[in-house]
Amino acid sequence: MRVHNFSAGPAALPVEVIQQIQEGLLNWHGIGYSVMELGHRSEAFKTILEETKANLKDLMDIPDDYRILFIAGGATVQFATIPMHFLAKEKVADYFDTGSWSKKAIKEAKKYGNVNSVTSSADNNYTSIPAESEWALTPDAAYCHYTGNETIHGVQFHRVPNVGDVPLVSDMTSCILSGPLDVSRFGLIYAGAQKNLGIAGLSLVIIREDLLEQTNDLVPSVLQYNQQAQANSLLNTPPTFAIYVMGKVLKWVKAQGGVNVMAELNQRKAGKIYEAIDADNFYNNPVEISSRSLMNPVFRLPTKELEASFIQEAHEADLVNLRGHRSVGGVRLSLYNAITEHSVDTAVDFMNHFAKTRG
Ligand SMILES: *Cc1c(COP(=O)(O)O)cnc(C)c1O
């Protein structure tokens, strides 16, 4: 009944998670109503919140001096609130410009202060992460921001950039939990939930405690990291259902074996897609091989007409949401944790068949 959904976001959830949600929708754990109707200050909801934090801490091996916050709104809200908190007038924030999401984060930060572009791949249409020898880091920057995975251009950092003592801030919306990460390297990690963590309406923020001292009273209270840390993310009504779903997704990742198992699976899934792309000259991925995204492989076909037929015929074969982002066109297969290897194999068979009959 369900099709292979390669949507970039909101993205596919593990089917087991949807079933668990469905089971609790009318009567959750015998309380006679659902989590959607459960008060955020109830003991039952606090248990959900604490379990979700504990599972995330465990899965990501988050050190004790970090706080986990649930903030309403998407990652785009964080584009603004990060500079509002940390970018004082006399300071500079460093930003890597490696794709559409970095560009948006930079545009937002510039409203609040000075931004230095560490490096930019805009001139080659965002098809690589420029080499470290080309980076211009500011030694006393307020922070340094990078986008872990560029969801639209299909470009990913496969190593955490070394920025010295400057607090490292990262948008991990489309790669969080896709593999292991040394959280201790970061000042702040944020991620909208609708790609690898659950459903829309919620962002996760993981912040090192010393950064909570840097605040700005002009930031709305519900978006202030220190206030939300003190209130345990319950300053006002949080997106309770989205937190509940994230809790289910985290338990699912744990049951699969955790982030190392996810990393192996993701390598294998993306490997199969890139192998199909590279098989001959029919498909073309423009991204430098070492910067290719494991989460969002993108590719072009020889003509726009062929791309349209590919997407249409794929849809008829139950492979849906393959259209590249409207700003870049082409084809994109988003391969977040919830995408099964079976879905990937089905897509690869389709790609090979299409190339053979149309190439
Ligand atoms: C999807 C995405 C965003 C935007 O998230 P919203 O929740 O729509 O604000 C930001 N950054 C990255 C890397 C994304 O993939």
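Q: Is R358 buried, exposed or partly exposed, and what is its relative accessible area?
A: In this predicted model, R358 has a relative accessible area of 34%. Buried would require under 20% and exposed over 50%, so the residue falls in between and is partly exposed.

Q: Which side chain does R358 meet in a salt bridge?
A: Side chains of opposite charge can pair when their charged atoms come close. Here the partner of R358 is E313, with a distance of 2.5 Å from N to O. This pair links distant parts of the chain, 45 residues apart: R358 belongs to helix α9 (residues 341-358) and E313 to helix α8 (residues 304-316). E313 is partly exposed as well, at 27% relative accessibility.

Q: Where do D58 and K254 lie?
A: D58 and K254 form a salt bridge whose closest N and O atoms are 2.7 Å apart. D58 is in helix α2 (residues 43-60) and K254 in helix α6 (residues 240-256), so the pair ties together parts that are 196 residues apart in sequence. D58 is partly exposed at 48% relative accessibility, and K254 is partly exposed at 33%.

Q: With which residue does K57 form a salt bridge?
A: K57 pairs with D64, and their closest N and O atoms are 2.6 Å apart. K57 is partly exposed at 32% relative accessibility, whereas D64 is exposed, at 63%.

Q: How many salt bridges does a search of the whole structure find?
A: The search finds 13 salt bridges.

Terms used: Residues are numbered from 1 along each chain as its sequence is written. This is a predicted model: local features need pLDDT of at least 70, side-chain atom pairs count only at pLDDT 80 or more; totals for chains, interfaces and linings use all residues. Side-chain values use heavy atoms; hydrogens and water are left out. A salt bridge is a side-chain nitrogen of Lys or Arg within 4 Å of a carboxyl oxygen of Asp or Glu. Buried means under 20% relative accessible area, exposed over 50%, partly exposed in between (1.4 Å probe, protein chains only). Helices (H or I, at least four residues) and strands (E, at least two) are DSSP runs, numbered from the N terminus.
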